[in-house]
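Here are a few exercises to work through with the structure open beside you. Try each one yourself before reading on to the solution.

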Amino acid sequence: TESFVTLFHAHLRPDDGRLRYVDAGHGLTLIVRVDGKCERLAQTDLPLGTGLELDWRRHTVWLNEGDTLISFSDGVLDLFDGTLASLEDVADIVRHTKTAAHAVSVLTMMAEHAESSDDVVVVAVRRKSGP
């Protein structure tokens, strides 16, 4: 039907922070490290529905204590300038919020006041320190 959908699927092992993921054309997932550095997770595979899907590559990264994983729809980019430069704006929100839930609520509140008609979906996880 001439449509496709992107996918980000991850599994986090909370005991040691190992995060395994596949990214099928999504490309809008960041890890904001506790020291403030930001990493965009690799997006190496095609979206679902292209007819060209093969085996999706599994990637492994590590979430250290205090690191935040945040994945979001492209509607979040429209809350800023709509370009990939907006990734840094999202990372900045994560850096200045105390919890993953607070980062999500800041972005969703921005969406409530935005004039964009695109969907805004945000999922964030911060790995806690200690037991």
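**Exercise 1.** Which residues are buried in α2? Work out how they sit around the axis and what they pack against.

*Solution.* Please keep in mind that this is a predicted model. Begin with burial, which requires under 20% relative accessible area: in α2, Ala100, Ala103 and Leu107 are buried. These residues cover an arc of only 65° around the axis, so they lie on the same side of α2. Next, turn to the other side of α2, where Ala101 and Glu112 are exposed. Finally, look for the partners: the buried residues of α2 pack against β6 (68–72), α1 (86–95) and β7 (122–126).

**Exercise 2.** Describe how β1 and β2 are joined, and find the residue with a positive phi in their hairpin.

*Solution.* First, take the pairing: β1 (residues 7–13) and β2 (residues 18–24) run antiparallel and are joined by seven bridges. Then locate Arg13, which stands opposite Arg18 in β2. Last, move to the turn: four residues lie between the strands, and Gly17 has a positive phi near 85°.

**Exercise 3.** Find the aromatic pair and classify its geometry.

*Solution.* With ring centres required to lie within 6.5 Å, the count is one aromatic pair. The ring centres of Phe8 and Tyr21 are 5.5 Å apart and the planes are at 35°, so the pair is tilted. Phe8 belongs to strand β1 and Tyr21 to strand β2, so the pair ties together parts 13 residues apart in sequence. To finish, check the burial of Tyr21: this residue is buried, with a relative accessible area of 3%.

How values were computed:
Residues are numbered from 1 along each chain as its sequence is written. This is a predicted model: local features need pLDDT of at least 70, side-chain atom pairs count only at pLDDT 80 or more; totals for chains, interfaces and linings use all residues. Side-chain values use heavy atoms; hydrogens and water are left out. Two strands pair if DSSP finds at least two bridges between them. Helices (H or I, at least four residues) and strands (E, at least two) are DSSP runs, numbered from the N terminus. Buried means under 20% relative accessible area, exposed over 50%, partly exposed in between (1.4 Å probe, protein chains only). The arc is that of the directions from the helix axis to the C-beta atoms. Contact means heavy atoms within 4.5 Å. Rings of Phe, Tyr and Trp (its six-membered ring) pair if their centres lie within 6.5 Å; planes under 30 degrees apart count as stacked, over 60 as edge-to-face and the rest as tilted.
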